[in-house]
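Colleague: Hi! Could you walk me through this one in simple words?
Modeller: Happy to, let's have a look together.

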Amino acid sequence: MDLIAQTAFDDPLANVKETTANLLHERDRRFSLPQAFYNDPRLFALDMQEIFTKEWLFAGMTCEIPAKGNFLTVDVGDNSVIIVRGAEGRIHAFHNVCRHRGSRLCVKDKGKVAKLVCPYHQWTYELDGRLLFAGTDMGDDFDLASYGLKPVHVRSAGGFLFISLAEQPPAIEDFLATLETYLEPYRMDEVKVAAESSIVEQANWKLVIENNRECYHCNGAHPELLNSLQEFDDTDDPRATESYKALVARKQADWEAEAVPWRLARIGKRNRLTRTPLLDGTVSMTLDGQPGCRKLMGRLTSPDMGSLRILHLPNSWNHFMGDHAVVFRVLPLGPQRTLVTTKWLVHKDAVEGVDYQPDELRRVWDATNDQDRRLAEENQRGINSVAYQPGPYSETYEFGVIDFVDWYSERMLSNLGHAPGLHLARG
């Protein structure tokens, strides 16, 4: 099948959309994707068009724009987006494009402004996107109201910010409501970013997500992480041991007593939330398994909250513990380049150097991110070989990868206007 796929994409007259749809319909869901899905520039462009400009993307945290005038920018391929806090606490999102001659308005990742002013010719916009000033040279009949910033859909829930570049984004309400419920104990209006890192992985974005969706590789790759992390997070996992199930029962009773949500929640294949214990005797994803921050999050009274794991496809996974949280954002940069941004969150009143040490807080995931980077890059190099053909997934260890690739295939087919699901026939 992979040879057929490569031949189809080598044909300069091939219809990339039709070829992609046919390959997804024909694929065996028990196997990895054909080579072109991981390295072909035309298929990458299709990913950006049909996935990253049509789905809801994790963009950042509301705590990053706490007050009026605070903004952050996010680049989705060639599309730069501004997210800004306006009057009365309202959150707005706009294309980062001046309506005069198209210059970017905000050139920094984040900051605070009174108005949005284009650095090129000083066209000035209100924080709600209205054009306020375009200079006197535009003429007396120039209509300011016709040249406001172009809006982008933005939603917030549980301290998370999501954007969609689509004209009509897919439904997200069920996920947002669930997110609010599960993050209520953390009081997400009372957190701050304690540390942040960004790395570029020389690998396709799907390989980055696939690597995250399984812990098959953990024993051989992540010694720091396995000081605290369980390799599974569900008692229905066929690998789950009796000791893990007993630990889960004990911890769930504790969480129930604290009125903290813990049950596994799924919203399709796109979103998954579950609270699972860390290794017995550990309470946080730190090198020694002990709290990385002395001040607990929200209304929590115990650091022993396990890890609340939150998945949002196509571009985020997250871990919330009693003392701190770690959130991850994935943004494609090219067919074989992906930006992975990690942010560590703590209570807003926690004092750096007193309640937490940033270097200690981030030590485990700095190591893990670098290890995952090397794995994804070696995966990419192997896939680029003429010897690559789709290989079989383990339905025991890699069911999360299967779910992700199924989700990707279904959304791509749906967004291309094809009936999704037919590609699952062989599975």
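Modeller: First a term: helices (H or I, at least four residues) and strands (E, at least two) are DSSP runs, numbered from the N terminus. This is a predicted model, where local features need pLDDT of at least 70, side-chain atom pairs count only at pLDDT 80 or more, and totals for chains, interfaces and linings use all residues. Residues are numbered from 1 along each chain as its sequence is written, and side-chain values use heavy atoms, leaving out hydrogens and water.

Colleague: Thanks! Where is Ala-259 found?
Modeller: Ala-259 sits in the loop between α8 (242-257) and β12 (265-267). Its phi is positive, about 55°, although Ala-259 is not a glycine.

Colleague: And what about the phi of Glu-88?
Modeller: Glu-88 is not a glycine either, yet has a positive phi of about 55°. Its place is in the loop between β3 (79-85) and β4 (91-95).

Colleague: Is Glu-88 buried or exposed?
Modeller: Glu-88 counts as exposed, because its relative accessibility is 80%. Buried means under 20% relative accessible area, exposed over 50%, and partly exposed in between (1.4 Å probe, protein chains only).

Colleague: New topic: which residues does the cis peptide bond join?
Modeller: Leu-313 and Pro-314, with omega about 20°. Pro-314 lies in the loop between β14 (307-312) and β15 (316-320).

Colleague: Last one: which residues of α2 meet α4?
Modeller: Val-16, Lys-17 and Thr-20 in α2 meet Arg-42, Leu-43, Leu-46, Gln-49 and Glu-50 in α4; contact means heavy atoms within 4.5 Å.
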